[in-house]
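Here is a short report on a protein model. Please look over the sequence and the fold before reading on.

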Amino acid sequence: MHVALGTVSFTLCFAAWGLISAFAPQFRKIFELTPTQSAALVAAPVLLGSLARIPVGMLTDRLGGRLVFSALMAICAVPAFLVPMAGSFHQLIAVGFFLGLAGSSFAVGVGYVSRWTPPAKQGGVLGVYGLGNIGQSAAVFLGPVVAASVGWRSVYRGTAALLAAGAIAFALLARNPTTRAS
């Protein structure tokens, strides 16, 4: 159950993380972005997601995966909800930057899942957890497809709602192990 909770949560976070890339062509038109601005927009979430993995992983070690994963999803729901409200490139890149926190979810889940699993089985379990990377690919592929029916703003709002629901579900259902698996 813990691996499944971690994997679903990771998938949700990585989907949110990938949405800026998915809608970059649309943002390029809406805000009349230069190629450099477009590249910066796509890079901003990746940068924070990569850099935040270290402190977020340390927080997971100290506070446990249940609290950190729940908080991370709740926090990431805010910028996901705010993206459609961005009225300028600067606002969009700022909100996209903070949406990048979702990219640090990898470190949370690795710490959380590995503590439930004996070392001899961690490779397989972490491989299953790593399937959550599909969230980013799903966002890039399915985000624009869904947006064709409901609009890109609804995709972001729906993602925010899923992140908020995921945060609540993880807080209620997940448990930190009392001891490290051996």
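This is a predicted model: local features need pLDDT of at least 70, side-chain atom pairs count only at pLDDT 80 or more; totals for chains, interfaces and linings use all residues.

Residues are numbered from 1 along each chain as its sequence is written, and side-chain values use heavy atoms, without hydrogens and water.

**Core.** The largest nonpolar core has 47 residues. Such a core joins buried Ala, Val, Leu, Ile, Met, Phe, Trp, Tyr and Cys residues through side-chain atoms within 4.5 Å. Phe23, Phe27, Phe69, Val83, Tyr156 and Leu163 touch the most other members. Helix α1 (2-22) gives the most to this core, with 10 residues. Helices are DSSP runs (H or I, at least four residues), numbered from the N terminus. Beyond four places in sequence, Tyr156 contacts (heavy atoms within 4.5 Å) Leu19, Ile20, Phe23, Phe27, Ala80, Val83, Pro84 and Leu99.

**Ser114.** Ser114 lies in helix α6 (residues 105-115). Ser114 counts as buried because its relative accessibility is 10%. Buried means under 20% relative accessible area, exposed over 50%, partly exposed in between (1.4 Å probe, protein chains only). Its side chain reaches two backbone oxygens:

| Side chain | Backbone oxygen of | Distance |
|---|---|---|
| Ser114 | Val110 | 2.8 Å |
| Ser114 | Gly111 | 3.3 Å |

Not counting residues up to four places away, Ser114 also touches Gly109, Gln122 and Leu126.

**Surface.** Leu142 sits in helix α8 (residues 134-150). Its relative accessibility is 40%, so Leu142 counts as partly exposed.

How values were computed: Helices (H or I, at least four residues) and strands (E, at least two) are DSSP runs, numbered from the N terminus. A polar contact is a pair of N or O atoms within 3.5 Å; within protein, one must be able to donate a hydrogen and the other to accept it, and residues adjacent in sequence count only if both atoms are side-chain atoms.
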